[in-house]
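Keep the sequence and the 3D view open as you read.

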Amino acid sequence: LFDPASGMERILVAIKPPDYPNTNIRTLWSPDSREISAVLYRVGERAASDPRTVVFDVQTGNPKVLGKWTGIILESAAWLPEGRLMVAGQDLSTGTSLQLWQLHFPDGMKRRITNDENDYASLSGSADGKTLAASRTSALYTLWTVPASGSGQPHQVPLGVNNPNSVSEANDGTIVFALYDSDKLAVWASRPDGR
């Protein structure tokens with residue numbers, strides 16, 4: 001902690017293994033400025049899926065675990081009034097994009113706020129808690145074919161869906177690809193004309 005008036009600084013707490021802070025998550029002051037929170041990941045093979053929000057008393061440095069949420073990788077977080085914690089994160093169970101969530105403690109429940117194919121990051125909240133701000137990134141991937149000989153023009157396959165991946169083509173011209181649909185990864189097949 002740094003005191004601008006005196007120019008003095010002091011270490012509030014030293015995080016040591018088996019816990020360490022994820023550098024993508026900034027520490028946050030609580031609304032009453034009495035605590036500083038940080039999201040910690042447990043070291044181990046499940047490190048990315050075992051985040052916990054811990055608050056540290058500004059005077060003593062004593063930690064208090066608010067909650068633990070399995071299966072989610074957090075990118076950023078924001079405190080809102082009444083102790084509500086909002087985060088931008090990815091759910092490992094579905095592999096979806098970075099979405100906005102509300103985390104509840106101490107029961108470990110999480111509630112998804114957004115549900116789309118965009119990525120949300122750099123989350124912050126207004127002082128009154130009525131508005132969230134986040135950067136949103138949209139990616140659009142389309143599928144094209146071109147003769148292996150290199151001659152001819154590329155042809156866009158009119159799939160009517162966005163972001164196909166892991167594409168391969170069978171001998172009969174059938175195109176097989178993976179696609180997230182309603183938070184589940186499925187394998188799709190299409191003819192070159194989009195059927």
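Is Glu35 buried, partly exposed or exposed? With a relative accessible area of 23%, Glu35 is partly exposed, because buried would mean under 20%. Please keep in mind that you are looking at a predicted model.

**The chain as a whole**

The chain has 18 strands and zero helices. It runs to 195 residues, and 34% of them count as buried. Its accessible surface comes to about 12,000 Å², with 52% of that belonging to carbon and sulfur atoms. If you look at contacts between residues at least 6 apart in sequence, 31% of them join residues at least 24 apart.

**The nonpolar core**

The largest nonpolar core is made of 13 residues. Leu74, Trp79, Leu85, Val87 and Leu103 are the ones with the most contacts inside this core. Two or more core residues come from each of strand E8 (72-80), strand E9 (84-91) and strand E10 (99-103). Strand E8 gives the largest share, four residues.

**Salt bridges**

Side chains of opposite charge can pair when their charged atoms come close. This structure holds three salt bridges, and here they are side by side:

| Pair | N to O distance |
|---|---|
| Lys64 and Glu35 | 3.7 Å |
| Arg191 and Asp172 | 4.0 Å |
| Asp193 and Arg195 | 2.7 Å |

Back to Glu35, then: its salt-bridge partner is Lys64. Glu35 sits in strand E5 (residues 35-42) and Lys64 in strand E7 (residues 63-68), so this pair ties together parts that are 29 residues apart in sequence. Lys64 is partly exposed too, at a relative accessible area of 44%.

Next comes Arg191, which forms a salt bridge with Asp172. This pair links distant parts of the chain, 19 residues apart: Arg191 lies in the segment after strand E18 (184-190), while Asp172 is in the loop between strand E16 (165-169) and strand E17 (175-181). Arg191 counts as partly exposed, at 31% relative accessibility.

Arg195 reaches 68% and is exposed, because the exposed class begins over 50%.

**A backbone detail**

One more spot for your viewer is Ser122, in strand E12 (residues 119-125). The phi of Ser122 is near 50 degrees, a positive value in a residue other than glycine. Ser122 counts as partly exposed, with 47% relative accessibility.

Technical notes. Residues are numbered from 1 along each chain as its sequence is written. This is a predicted model: local features need pLDDT of at least 70, side-chain atom pairs count only at pLDDT 80 or more; totals for chains, interfaces and linings use all residues. Side-chain values use heavy atoms; hydrogens and water are left out. A nonpolar core is a set of buried Ala, Val, Leu, Ile, Met, Phe, Trp, Tyr and Cys residues joined through side-chain atoms within 4.5 Å. Buried means under 20% relative accessible area, exposed over 50%, partly exposed in between (1.4 Å probe, protein chains only). Contact means heavy atoms within 4.5 Å. Accessible areas come from the Shrake-Rupley method with a 1.4 Å probe; for residues, only the protein chains shown count as cover. A salt bridge is a side-chain nitrogen of Lys or Arg within 4 Å of a carboxyl oxygen of Asp or Glu.
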